[in-house]
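Here are my notes on the salt bridges in this one. Have the model open while you go through them.

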Amino acid sequence: MSDGISIDALGQAVGDFSNHEKLGFDLGAYVGDLAFEEDSGSEDISLEGLQQELEECESDEVVANILSSGAKLREYAKGVENNLRKVELDSIEDYIKESDNLVSLHDQIHDCDSILSQMETLLGGFQEEIGSISSDIKILQEKSMDMGLRLKNRRVAESKLAKFVEDIIVPPKMIDVIVDGEVNEEYIRTLEILSKKLKFVAADPAVKSSKALKDVEPELEKLRQKAISKVYDFIVQKLIALRKPKTNIQILQQSVLLKYKYIISFLKEHGKEVFMDVRAAYIDTMNKVLSAHFRAYIQALEKLQLDIATAYDLIGVETRSAGLFSRAREPLKNRSAVFALGERIKIIKEIDQPALIPHIAEASALKYPYEVLFRSLHKLLMDTATSEYIFCDDFFGEESIFYEIFAGPFSVIDEHFNPVLTNCFDAIGLMLMIRIIHHHQLIMSRRRIPCLDSYLDKVNISLWPRFKMVFDSHISSLRDANIKTLWEDDVHPHYVMRRYAEFTASFIHLNVEYGDGQLDINLERLRMAVDVLILKLAKLFPRPKQQIVFLINNYDMTIAVLKEAGPEGGKIQMHFEELLKSNTSLFVEELLVEHFSDLIKFVKSRASEDSSSNPERSITVAEVDPLVKDFGSRWKTAIELMHKDIITSFSNFLCGMEILRAALTQLLLYYTRLTDCIKKIPGGSGLNKDLVSIQSIMFEIRKYSKTF
């Protein structure tokens, strides 16, 4: 080995050194004397640049010490060489002294080398044995993987076979439950197991080719037929219970039928014909039961109906008129509900209240306008339809069955509602029903139940034409009114105008939250018709003043009624306010002309003339003197007469006082113009003693203003 050879060589060398030491080794003989001879050619060395190098090394401490001591460089170098030689000799002697230890170290290394050689041989044997073991392990690993794969395949086959056996086998307990058991929760669970087996047999092609199916299939078919027969009888019995009088249908549906809704799913999958029979039986049962319930409820509601209006209850019909065969009726002017909304608006606020209970209302001898009955009927319809729709969707899994069930109840309601609608002449009631339908549509939308959408739309569509027809009848009654029979020798508000005001206010109130443009158009048409009629009635009064008073009273009353419906005003209210304003101005002029005609005539014709442009027509004292004296003698009396006249002429005291104040203000203006004119007349100062001071007139005006 190369390592061994090198170690032996090292040992041999160390031994030689050791022997030399023993024989008296002379180190000096080997090394010799170290002597430095001066270089003979040193004098020829060039010293150029020496000064610069010395300056550069001046900062070096050693060089500085040498230069400062003045020692020669050659001597210094010789001393260094001697020191190095001495150190070298000391180091060699130290190695020689340790030669025994080195020999011992060599022997130890040699022993270690032999031991490691033996271990190498041993480990080589181990490596060969491990190689053979590794091949054995590899063989075992391959066998293990093969066994694992076989086990996995066997487990897969076992699971499939176990599932097949489980799905196709018919346990005796299942047979006992299907054949002899009562229909209960356990029976339902067994039906679910039977359904899975029937689906398994029908769906898996591999099952159809198996021999096991030939043994099991007849038994499964018998169980299917037996289960269908049994659950059909059970469901039919439950449906018969629905027909019993005073049965709470919703409780029976929720607490009984829904518990067995899987029966319907089973029949739908494994007995389609029987399912259709059950479906038809349920539709027929619920159709008849609900139809009977709604028919009885409607008959009970009809006893509570309060007749509001007839075909003759129109705005423009005189109170004394009646049809040839009409029944005796109380005067229309006392039947405020025909034209005024009143408390009927509460039905909108109570839109979601429970339906009326007829026998309780009948026992209390209460009667209701038709819109109250209409709301109750449709509230009951909504609640019943919602419950039935949800049940049908949950129990049968289809929504279409609802419409087949409710064909009967819809027909019953239509049989009742169509004649009522045809004979309804209550425009306010019709509009209330339209609003009720609108709110009911919102309620059903919030419930997310669409089953009544088409029905409610149909009712809404039928209500609007009838409302339009009745509303047009009111307009026609105004246009075709006989003013001679309507006219009364009374300047107070006419009952036709009061009807119009209440009628219009009712619809304005009903339209506040809806903004129905079509209704606004109809109200404008009605307003135009009443404008024409009231002017015709006013013209029947012989005196213009009476005509104006009549118009003012009617316009004022109309505005007051409209303000109750909508204090923010509207186009119609603004129209009547303009008419009131213009007629008030006309009345003020008429009133003043009646008491101060000469004064007004003079002020209007003469006071504004310019005397300088036409001296011949200048105003003289003689011309004005009678006017001043006449006014001074009776102005207070005239104002008192005006006050009494206004008090008796106008129904609304506040309106009358407002008119009186306007008249007195206008009188003050006329008289002020007269005094201004007198000041311009030559010699007019002589009339000052007869002039009434402006302060006196203002005092009188304030006196009546306090009354106001």
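1. Start with Lys-261 and Asp-394, whose side chains meet in a salt bridge at 2.8 Å, N to O. (A salt bridge here is a side-chain nitrogen of Lys or Arg within 4 Å of a carboxyl oxygen of Asp or Glu.) Lys-261 sits in helix α12 (residues 261-270) and Asp-394 in helix α16 (residues 370-395), so this pair ties together parts 133 residues apart in sequence. Helices are DSSP runs of H or I, at least four residues long, numbered from the N terminus.

2. Before going on, a word on the source: this is a predicted model, where local features need pLDDT of at least 70, side-chain atom pairs count only at pLDDT 80 or more, and totals for chains, interfaces and linings use all residues. Residues are numbered from 1 along each chain as its sequence is written, and side-chain values use heavy atoms, with hydrogens and water left out.

3. (Buried means under 20% relative accessible area, exposed over 50%, partly exposed in between, with a 1.4 Å probe and protein chains only.)

4. Next, Lys-346 pairs with Glu-343, with the closest N and O atoms 2.9 Å apart. Lys-346 is partly exposed at 43%, whereas Glu-343 is exposed at 57%.

5. Asp-630 and Arg-634 form a salt bridge too, at 3.1 Å between the closest N and O atoms. Both lie in helix α26 (residues 621-649), four residues apart, about one turn of the helix.

6. As for the total, the count comes to 25 salt bridges.

Terms used. Helices (H or I, at least four residues) and strands (E, at least two) are DSSP runs, numbered from the N terminus.
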